Amino acid sequence: MPKGYRLTASTGIHKGDRDYQQDQVLLLRHARVSGCVLAVLADGMGGRSGGRKASDQVMMTARQLFERYAPETDDAVVALTQLVQEAHTVIRLTAVSSEEEPHSTVAAFLINPGGDCYWAHAGDSRIYHYRGNKLIKRTLDHSYVQALVDRGELTEEQANAHPQSNILLGCLGTENDPPVSTHFIPQLHAGDILMACSDGIWHYFTSDEIGSVLATLSAREATEFLIEKARSRGHGSGDNLSLVVVKLEPLGT
């Protein structure tokens, strides 16, 4: 890992105002290589047991693949794409055997020891990359309203309040193969922050608000604050909430 920063991280998960929890979140340190980290988040859908089964399968697949991952020789994009595709296949098989319709989103990012970072996502769970409080890049949802935004028919603010904002154009467990969008960050730097979260979190914040919280608070404080504030803004009708935050803290702080 390049000198100049240390990783601090936190995960958070809350049932929100739903009767059961279908989100899952995972943060793994590589068993053999220092400075290699995998973060995975899944938002399950498909009824009480179906959605949880789907998100559980994403977590199980992620653990298995990361155990075999060799940072010095393996292609991180290939590994993340494989994670999405294999989890999708297992969820489809679960649907056949259980007569349920489990689906899940996935958002995963992998930091290698050299400070290069890769991410992949399918659905509307998001990944954000900030440098301080400035947004560098975030994922674009595989959703109906994002397609309208892309075509210039809606603003992001309008999309967030749209009555069909929950309609996905792709995710894991459907009949069609999931869309997989990937991104590469050649070099992370001290002051960089990565966050993956479900729509139960990002729906209630602007990108600027998230950046301010992540830059001001520690990873643990930020996860607690975002969950608490999203719960408040949900006014009793909030979704499951989950997030994982990784901060690259300058050495000496």
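The lining of the second largest pocket divides into six nonpolar, six polar and five charged residues, and this pocket, in what is a predicted model, has a volume of about 330 Å³. Of the 17 residues that line the second largest pocket, Arg126, Glu156, Glu157, Asn160 and Phe205 are the closest to its centre.

**Second largest pocket**
- At least two lining residues each come from strand S7 (126-131), helix H3 (144-150) and helix H4 (156-160).
- Helix H4 provides the largest share of this lining, with four residues.

**Largest pocket**
- The space in the largest pocket amounts to about 430 Å³, and 18 residues line it, of which Arg18, Asp43, Asn166, Asp199 and Asp239 lie nearest its centre.
- Strand S3 (37-45) and helix H5 (199-202) are the elements that give two or more residues to the lining of the largest pocket.
- By class, the lining of the largest pocket holds four nonpolar, nine polar and five charged residues.

**Strand S6 and its partners**
- Strand S6 (residues 117-122) is mostly covered, with six of its six residues buried; Cys117, Trp119 and His121 lie on one side, and Tyr118, Ala120 and Ala122 on the other.
- Strand S5 (residues 106-111) runs antiparallel to S6 and is joined to it by six bridges, with Phe109 standing opposite Trp119.
- Five residues separate S5 and S6 in the hairpin that they form, and Gly115 in the turn has a positive phi of about 95°.
- Strand S9 (residues 181-185) also pairs with S6 in the antiparallel sense, over five bridges, and His183 in S9 is the bridge partner of Trp119.

Note on methods. Residues numbered from 1 in each chain as written. Predicted model: local features only at pLDDT ≥ 70, side-chain atom pairs only at ≥ 80, totals over all residues. Heavy atoms only, no water. Buried < 20%, exposed > 50% of the residue type's maximum accessible area, 1.4 Å probe, protein only. Pairing = 2+ DSSP bridges. 1 Å grid on protein atoms, 1.4 Å probe; cavity = no way out; pocket = protein on both sides within 12 Å on 5 of 7 lines; lining within 4 Å. Points joined across faces, edges and corners; volume = space filled by probe spheres on them. Nonpolar A, V, L, I, M, F, W, Y, C, P; charged D, E, K, R; others polar.
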